[in-house]
Amino acid sequence: MASSETDSGCPGGEEGESFVKLCVLEGFSDSSETKALIASLPEVHGDMVTSERATEKFLVTMDRYQEQPHLLDPHLEWMVNMILEFVRSDTSPPSLVHLSFKFLYIISKVRGYKIFMQLLPHEVADVHPVLDLLSRQDPKDTETWETRYMLLLWLSMTCLIPFDLCRLDGHLDSDGGKAKESTMDRILAIAKSYLLVSDSSRDAACVLVSKFMTRPDVKMKRLGDFLDYSLTTITQTNDLSPLDIGMLDGALQSLGKLFKHGKRDDLLQYAPTIMQCLEKKHLSESSQAKLRKQGVKLTQRLGLTFLKPRLAAWRYQRGNRSLAANLSASQSATAATPEVEIQELEEDYDIPEEVEMVIEYLLVGLKDKETIVRWSAAKGIGRVTGRLPKELADEVVGSVLDCFSFQETDNAWHGGCLALAELGRRGLLLPSRLTDVVPLIVKSLTYEEKRGACSVGSNVRDAACYVCWSFARAYEPKELEPYVTQISSALLITAVFDRNVNCRRAASAAFQENVGRQGTFPHGIDILTAADYFAVGSISNCYLNIAVFIASFPEYTKAMIDHLIAMKINHWDSVIRELATKALHNLTPQAADYMATTVLPKLLPMAVGIDLHGRHGAILACAEITHALYKLGLQTNRAVVDMISSECVDALKNIHQKLNDRKQYRGFGGELMRPAVCCLIEKLSLSKMPFKDDPVITGWQWLIDDTIKTPHLVSRGVKDSIVVSLVSALSALCDEFYQAKPGQADLQIQDVLVSQYIEGLKSPQMLSRCGSALALGCLPRFMIHGKVKQILEGLLQMCTVSQNEEKCTEARRDAVKAISQVCLKVGVCAHGSPDSALCSENVAEVYGVLLHCMTDYTRDSRGDVGAWVREAAMTSIMDVTLLVAISAPEILLPDLVKRMMCCLAQQAAEKIDRYRAHAGNVFLCLLHSKEPAVPHIPHQEELLRIFPFETTTSLNWSAPSQAFQYITQLLGLPQYQYHTLLGLTVSVGGITESTVHFSSQSLFEYLRGIQENNAALTQFGDTLLSVFRDNLRNDMVSIPFLGMLNQMLANSCFEIFATQENHQFCVDILDLCKEFKKSKVIAKLRVSISVFCGLIQFQGEVRKRVLAQLLMLLCHPFPVIRKTTAGQMYEMLLTYDDVIDPEVLDDVMTLLSDANWESDLETVRTHRNQLCDWLKVSQPRKITKNPVPS
């Protein structure tokens, strides 16, 4: 599938089920914990681990309030004061100071520095301490940047003292006669130095500059020099080296903040020079987005400096912007007297020519490739336009509208939308302009531009929703009333049909805002109830359900249908095309005549057109609409041919032939055309089109058969979907056109099709086998009547013959599904003919194959692909069993039922959650089935006690914590013990942590319950040995088995056996484990060593034999095995101190731990033989192979 569109900036979620974390905090509930944490700083600062733990805990606490930072406001003062006490204390070590500033930074990050810095002390007495502390910092220390950041903000606040800084200097002459640096110069030097750094301190330094340089005493003495310094920096740097980029960013950012906070009269004289410098720098062409953004921000501030601060008298004013104020306003004609009377007459004043350069620069910024630059430019356009005369402002609006040209990129459209929203929000977009603006916004709501295999434009549509949202707040209902139909339809189309979930939600929010503030949107409240923020999160729900509800209102019906036809059935994403066609099917009842007379004739030329995506969508749409018209006709006893024209009927019939003549079933296009035409065949057949005995039926059948025979012509990714579509088409085609008379097949066609598909089961192409099997399974009952024995033989043979062919796993899966489908269609007759029903003669064979398929553990590069076959077999065996239990329970032999239930119990104990859940649900379904009741279930009464009826709904088989505590109880039932233990083996000895934990916990609980029951434990041990013997050469079972056995031994599950010398259980386990010595599988050898070490707990001669095996492994050819054996033996001797003579214990332990067991075998053998002597075990003799005589 093609990659998704670029996500827009508004928050949202993925397709499907959406989870939204709601802000439900009512206050700062962590006050006491925070106070204790801050108070603990003097104790934790010295240790890196404890200080990081405290920091992380504080960060987690504060981050909870990131969405509601205002909740911190009542508590900020005491938090800041507590932390600053540590900073101000002369006894505080540097580590405590740095940790304190780290905490301050976390608070400022959550609350925002603008609010937070106001709480910092800013008295005269704070200036020099802060300045001195900042001077002692190392700007290159990456660990303490939070300290420098907070000190710069603190210094920014101290700069607000209303006294001349020279009064803080005292006598500048030092004792040595060398002049001291003044406070003003020290602050300026620090600010300049931190404008050059690369961390966040640069941002704080810019804040410092804006506060410091706007002081009356500083701007008189240093403002000009600082501006010269900044212009020099801008001129002499480039955007090629990281160092220059940082310097340039610092200079631009500081100038931007300076012109934002400074007085116009002070800065106006410098503005032209700075503007010329920026023009020469060509920042809009820079490759660095942050430099382009800072250039835009500085330019708009320069533009505001050129223009006098004024409130445009010509702007549009709606009145109260607060919805609550509007709702509570008096209905009387008496209006509140405005606080400020605005002069209606325009003032005549000259606009500096630099303003034109500013606006041009901002308009270019609207088309920037980065969103942050476009957003900053849009806000700049709004601010500058608000100070222009009406005529010039209208020219700016016209220039913004030029962004909405199809010659422009999606960036320009997005920037234009942001600018229009900003202008509308500020009342600068007059109602007279809405005639030009609204059509452009409507286009933007559906803007999409194809780029390769995907498209762009989601950000444009999102921004267009923001425009509609802002217009709802900006204009009176009477102003927007002429455009309500256009805006409401466009918003709903976006809310329901947009591919991007963020855009759907944005459109829903904009529609809601318009309904609430405008009150003129048709059926607004009803639609909002159905299409709210959460409902539009699911795209399938939008297309198939919400769209139908909205289309029930006549104002929106045709607009929605036209949008689907124009923009969605030819969409680049096949999922959208398919959803659009299904939506058209559901919308047909709302406008049947329009669909039949207008839409269908429009689609038919597209169905044989040039555009591949359009052709695909149009074919599917024709199929869906025709079928929907047929279903409508059933209600009024009208045939579909009476509802559409004869030309449309002929065009529908000729689609296949035209595509075939143009060879459009081949290549990449064929991957779309084949399933689309199969869908057309299915829907036209279901619609009972009058094509019986028409040559087109032969063509349709050829397409289905050719698709089954030539799967190599399509790519792997779409093969499954093609097979599904052709099977549906074949079933519908047979039902409608292959009956000689009702319930009786055309014998000639029946023979041809059945023989052809049975032969296809032997095809070397795996997908041909899949298609043939599913085709046999989908044939109607009349088509397989009299051919059941032949069909079942072919399917059963494919299930068994292909067991050794790993590549045919999917074919076996589909054959199992087809067996079930055939049985369900022909039914059960105990004494019937095997050629016409499932009967006593063939039931055993069917069950035998299905049960055999439940043991399919084929693996390939994709993993356990045999699970697909096992899952299909479980489903099929449930369906067939319930069918037989209804019609002929007497042919269900006890042995078949026992094998079936045991196999299901094994699957329900295995490790893969999905298949365990499926097996468990099938097991419970058969156990609790009453009508019909499944006969001969072993231990049925005990099973019903273990699994009461409530478990059919309450037990979550996918959760290991729930499933294994039930399934291990089956170990107490003799007939289920073997298979349950076999299934548990791969779970307990597996690698998935949760599965291993809960399965082993449940198993050990069962074993603890039978510790006092020698007979039960002996029976369990015998079953365990049987599982081991039967799967000795099967690594998929033997390795997990050894892991499970190791856990059992470690948990003393066989303690009763261990007290008896040479217990047969241990002897048998040891004999079986000895088989693995020659294995080359490292994992098996490792776990065997662990088992040997666990077996040492058994008494008697068996202990000597275990030691002998371990000592032999100390000279294994693999160095890693020798090392592992030594390590495991060392731990074993620590655990079981009675294994060897205490006199040699220290020597043995020293040799095991100190010797290099990975060195050459001769050296290792010497160490091993020494251990043999100490342990009184015969030294293994090296067997020399005699040379083969020549």
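**Exercise 1.** Starting from Pro932, which lies in the loop between α45 (913-928) and α46 (940-946), find which residue a cis peptide bond joins to Pro932.

*Solution.* The model is predicted, with local features needing pLDDT of at least 70 and side-chain atom pairs counting only at pLDDT 80 or more, while totals for chains, interfaces and linings use all residues. Residues are numbered from 1 along each chain as its sequence is written, and side-chain values use heavy atoms, leaving out hydrogens and water. Helices here are DSSP runs (H or I, at least four residues), numbered from the N terminus. The partner of Pro932 in the cis peptide bond is Glu931, and omega is about 10 degrees.

**Exercise 2.** Locate Asn637 and decide whether Asn637 is buried or exposed.

*Solution.* First, Asn637 sits in the loop between α32 (612-636) and α33 (646-661). Next, although Asn637 is not a glycine, its phi is positive, about 55 degrees. Finally, Asn637 has a relative accessible area of 75% and is exposed, where exposed means over 50%, buried under 20% and partly exposed in between (1.4 Å probe, protein chains only).

Notes. Helix = DSSP H or I, 4+ residues; strand = E, 2+ residues; numbered from the N terminus.
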